[in-house]
Amino acid sequence: MKAYQAPEHRSFEWRHGPNVVLLIHGFPGTPAEMREVGSVFAAAGWSVRGLLLPGFGADFPLLGHKRHDDWDAAVDAALVDLHTRYQSVAIAGNSFGGALALRAAAHQEIDGVVLFAPFWRLDSWIERLLPLAERVFPRVQPFLRADFADPSLQAELRHFLPDEDFADPTVQASIRQWEWPTRALGQVRRAGQLGYAAAGAVTAPVLIFQGRRDPLVRPHLTRRLAQRLPNLAGYVEVDGEHDLVRGAAPDWPAIATVMRTFAAQISTTD
């Protein structure tokens, strides 16, 4: 069974105008999760670039061989390219992609940053055990005890396995055997640390959206991150969990409205 094979999981670029936003997905996502965000910017006349990070998408089996430096290099290269072709360059990151966005914005000229549930640490004892786990348990099976009758789990799995029947015992058995490299989780953790450390040097205006019911990135941690930003343009908590970028949260219309206003504020119209 191969995941992330559909075209929407690949990098993409929509050209609409002289301003562009670079979209950075989360873990273990792809550009597909950022398309609703891109559509809001596109409707406001912005060009959109969705970046597939190294080791993600169809290359997920190779993720254990990637480091946070590889993801940083991919983001930096995309921004350098976009600066040569567009007047204004913004960046939008989801979860761990938000950490990558902050680090990049601290080192490159960026006109605006939008963050969704920006990850910088786990609010859990697992945070302290990850360095040890990388050595003791090189791989984990996140779906080993999954409840495939759970509609929320089915909805999440359908994002990268759209054609599978999750009631099929053979499909369930295959998914239960999926393995994620623990080393990759450690690299995600390191990316979060670097993003948090870089936040104080980000001079571009930053807009943050955070779900009140997010079980992965807790609101109190995002508020703490927001306090480090010298040019916080807005911090918006909404009714939602960790999947705000998919456009399904009850408050998505309000999120889209705030994003459109922010896009207009940072755009170049020359």
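What covers the buried residues of α3? The cover includes β2 (19–24), α2 (68–85), β4 (88–94), β5 (112–116), α7 (182–198) and α8 (219–226). The model examined here is predicted, so local features are reported only at pLDDT of at least 70 and side-chain atom pairs only at pLDDT 80 or more, while totals for chains, interfaces and linings use all residues. Residues are numbered from 1 along each chain as its sequence is written, and side-chain values use heavy atoms, with hydrogens and water left out.

Helix α3 itself spans residues 96–105, and ten of its ten residues are buried, where buried means under 20% relative accessible area, exposed over 50% and partly exposed in between (1.4 Å probe, protein chains only). Helices (H or I, at least four residues) and strands (E, at least two) are DSSP runs, numbered from the N terminus. The buried residues of α3 include F96, L100, L102 and R103. Among the elements that cover them is α7, and α3 and α7 pack at an angle of about 45°, with their axes 8 Å apart. Axes here are lines fitted to C-alpha atoms, for helices over the stretch in contact, and angles run from 0 to 180 degrees between N-to-C directions. The two helices α3 and α7 are therefore oblique to each other; angles under 35 degrees count as roughly parallel, over 145 as roughly antiparallel, 65 to 115 as roughly perpendicular and the rest as oblique. The contact is made by F96, A99, L100, L102 and R103 of α3 and by V188, A191, G192, G195 and A198 of α7, contact meaning heavy atoms within 4.5 Å. The crossing of α3 and α7 is left-handed, that is, the near helix is turned anticlockwise from the far one by less than a right angle, with clockwise giving a right-handed crossing.

Turning to the sheet, seven strands form an open arrangement in the order β1-β3-β2-β4-β5-β8-β9, with mixed pairing; two strands pair if DSSP finds at least two bridges between them. The edges are held by β1 (12–14) and β9 (232–238), each with a single partner strand, so one side of each lacks a neighbour in the sheet. From one strand to the next, the twist averages 15°. Helix α1 (residues 35–43) packs on the sheet, where it touches β1, β2, β3 (47–51), β4 and β5, and its direction makes about 20° with that of β1.

Strand β4 runs parallel to β2, to which six bridges join it, and G93 of β4 is the bridge partner of I24. Strands β4 and β5 also pair in the parallel sense, over five bridges, and here A90 has G112 of β5 as its bridge partner. Further along, β5 pairs with β8 (residues 206–211) in the parallel sense over four bridges, including the one between L115 and I208.

Between β4 and α3 lies a loop that holds S95. This residue, S95, counts as buried because its relative accessibility is 9%. Neighbours within four places in sequence aside, S95 is in contact with F116, A117, P118, F119, V217 and H242.

Charged pairs complete the picture. Side chains of opposite charge can pair when their charged atoms come close. The count comes to ten salt bridges, each defined as a side-chain nitrogen of Lys or Arg within 4 Å of a carboxyl oxygen of Asp or Glu. One of them joins R103 and D72 (3.0 Å, N to O), linking helix α3 with helix α2 across 31 residues. Both partners are covered: R103 counts as buried at 11% relative accessibility, and D72 is buried with a relative accessible area of 10%.

Within helix α2, R85 and D81 meet in a salt bridge (2.8 Å, N to O), four residues or about one turn of the helix apart. Here R85 is partly exposed at 34%, and D81 is partly exposed at 31%. A further salt bridge joins R213 and D239 (2.9 Å, N to O). R213 lies in the loop between β8 and α8 and D239 in the loop between β9 and α9 (252–266), so the pair ties together parts 26 residues apart in sequence. Finally, salt bridges that share partners join E13, R15, R49, D81 and R85 into one network.
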